[in-house]
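Biologist: Could you take me through this structure? I would like to begin with the annotation and then turn to the ligand.

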Amino acid sequence: MAKQTSFFSSISRLYPHVRPILPRLVMGLLSALLASVVALTIPQVLRVLVNESLRPGGSADAVWTASLVILGLGVTEAGLVALRRQFVINPATTVETRMRVSLYDHLQDLTVSFHDRWGSGQLLSRAMTDLNFLRRWMAFGAIMLVVTTLTVVIGVVVMFTMSWQLALIFLAAAVPIMVYGFRFRTRFSKVARRSQDQAGDLATTVEESVHGIRVLKAFGRSREALENFNGQAEELRRTEIVKAKHLATFSLVVTLLPELALGAGLVVGVLLASTGELSIGALVAFFATAAVIATPVEFSGLLLAMALNAKSVLDRHFEVMDSVNTITSPAQPRRPAELKGALSFNSVTFAYEDAPDKPIVKGISLAVEPGETMALVGITGSGKSALLQLVPRLYDVTEGAITIDGVDLREFSVEELRTVVAVAFEDTTLFSSSVRENVMLGAPAGLPAEEREASFEQTLDVAQAHFAYSLPDGPDTLIGEEGLSLSGGQRQRIALARAIAARPRVLVLDDPLSALDVHTEERIETRLREVLADTTTLIVAHRPSTVAMADRVALLEGGRITAVGTHTELLAANRHYRHVIASLDPEPRDLDSDLLDSELSGLGAEEVSR
Ligand SMILES: Nc1ncnc2c1ncn2[C@@H]1O[C@H](COP(=O)(O)OP(=O)(O)OP(=O)(O)O)[C@@H](O)[C@H]1O
């Protein structure tokens, strides 16, 4: 998954995001740089102060002046550090938010195939922890890395002007630091990336177990889930320790070598001072300068580690941002002269990206007339859902074409296609908002309020979702994360209502009534026929009652359509069809809908909401 890129090519990709705030970042950098220059000036004043106080007959005024200048410089340095923070914090937060929004936007845009491949925790950690770290790096790490490097360079030059012999000793200590720094960079980059990926996997596990908490509890698997989580958390802990060890060793090297140089320098410095080659003031100033640059050198390990972390954060970010959405609108979208809803599959073959050699749908040709209800029947795994998902272009066909009123789906603008086609799946997803907002999610925009309300009421009626009025706040009741407080049958009816409210020309229903009892299903189908008389409907059916209500039925076997006809015709003529129908579920799978509807009216608000 991870592509190798150089440090600078990764970091340079931040530039378009940083460009708008560049002036403030530069101001922040200048403030920090100025603070360092001020810090480096202090030893020079110190030199005057020492030399003047040691000089026989030296003036007390000069000593006082030098002391006051040192105090003033100290205050200025503190002020400049505060100014740096002032300049960078706000813009860095802006960049973080913008990058987060563009990531979210891109995730919405990316194909279902992409989301099939990526764990939700990996995306979550990229959107949250990674970008949070990047902000801290922009506001502090990056600036301080530049300032530190410049401070050290300027400091070494100043040291050379004072005593080239002593400066050489310090420069000699820099060579092993640089060599070790190079090795540190390679090792730390790898482990930093590993820890970020492991944190993403851990987030996926948390997300999955919170999502599947009922299953885990019901099957008594909480302990196994905990052990699995513990294993992953332990793995991350080990990686973090490896990371910390690398950093600790590097920090030791960058602290120890300058200290050794300092000791050696002190001996040589005292010798030089005793021979009169170096004044005492210059000696003091030299070591004060060495002390000023010692702090940035000690921090260089941490700053380098932050930079390497930032690099892998950016690599991870752009892995997602570089993934292209292959399901896009053409440059010149087409639409049918008149939208009737004739749906036609022409030699359609489809294979998932991760199994390109194993087509799930094979050479299917099928024409569904405008307003017709076509049921898809087949044993489990025969490709019914796969076929349906091609209609709203959740996936694109691998070969052949699907048309609506003669226009290839790929010629429509994607936005328009998804107003023409609406879907409801067996596995419903509801959002954390009110029933009303969930239902009206796909409704045509710009409807006048009254018409919108009428459409909402009619939709609830068609989907037999009257229970919404009995909820504590009626249809404005918040239905919680993924509507968990609703029963399976209720959730399905909300999802069906959402598809109907979109007023589509083509309605694609992937067994959305499976959790309902036969009577409710029958009522829904009757109402659907009345209200959506002109709507072409393609429905996966798992019950004879659903099949019987369709105008025609297409039989799928191993990804191919082997027969098309009315239910009666196929029953009479096709053995496999009889076999499939006999194996379909004749009984309601879940009687909760009727029971709950009647119970709800008599229940209090608390019982309903949980
Ligand atoms: N993302 C995927 N990558 C590869 N294969 C997949 C993917 N999703 C589904 N499949 C496979 O595609 C095949 C057809 O699945 P599909 O859900 O279309 O069958 P179905 O007829 O709707 O079954 P059911 O009646 O049980 O819902 C199955 O073998 C399934 O394992």
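Modeller: UniProt feature names are shortened here, and annotations may be inferred rather than shown by experiment. The model itself is predicted.

Biologist: Which residues does UniProt list for "transmembrane region"?

Modeller: The unreviewed UniProt entry lists residues 21-42, 62-83, 137-160, 166-184, 247-274 and 280-308 under that name.

Biologist: Helix or strand over residues 62-83?

Modeller: Residues 62-83 are 100% helix and 0% strand, with the end C-alpha atoms 31 Å apart. Residues 247-274 are likewise 100% helix and 0% strand, and there the end C-alpha atoms lie 40 Å apart.

Biologist: What about helix H6, how far apart are its end C-alpha atoms?

Modeller: They are 59 Å apart; the 43 residues of H6 (residues 120-162) should span 63 Å at 1.5 Å a residue, so the two values agree. H6 also bends, by about 50° at Trp 137.

Biologist: Changing topic: which residues come nearest to the ligand?

Modeller: Tyr 352, Thr 380, Lys 384, Ser 385 and Ala 386 come nearest, out of 13 residues around the ligand. Helix H11 (residues 384-389) supplies the largest share of that shell, with three residues.

Biologist: Finally, what does the domain assignment give?

Modeller: The assignment gives domain 1 (18-321) and domain 2 (343-609). Taken over C-alpha atoms, the centres of domain 1 and domain 2 are separated by 55 Å.

Key. Residues are numbered from 1 along each chain as its sequence is written. This is a predicted model: local features need pLDDT of at least 70, side-chain atom pairs count only at pLDDT 80 or more; totals for chains, interfaces and linings use all residues. Helices (H or I, at least four residues) and strands (E, at least two) are DSSP runs, numbered from the N terminus. A residue is near a molecule or strand if its C-beta atom, placed from the backbone, lies within 6 Å of it. The expected span of a helix is 1.5 Å times one less than its number of residues. The bend at a residue is the angle between axes fitted to the seven residues ending there and the seven starting there. Domain bounds come from an automatic or database domain assignment.
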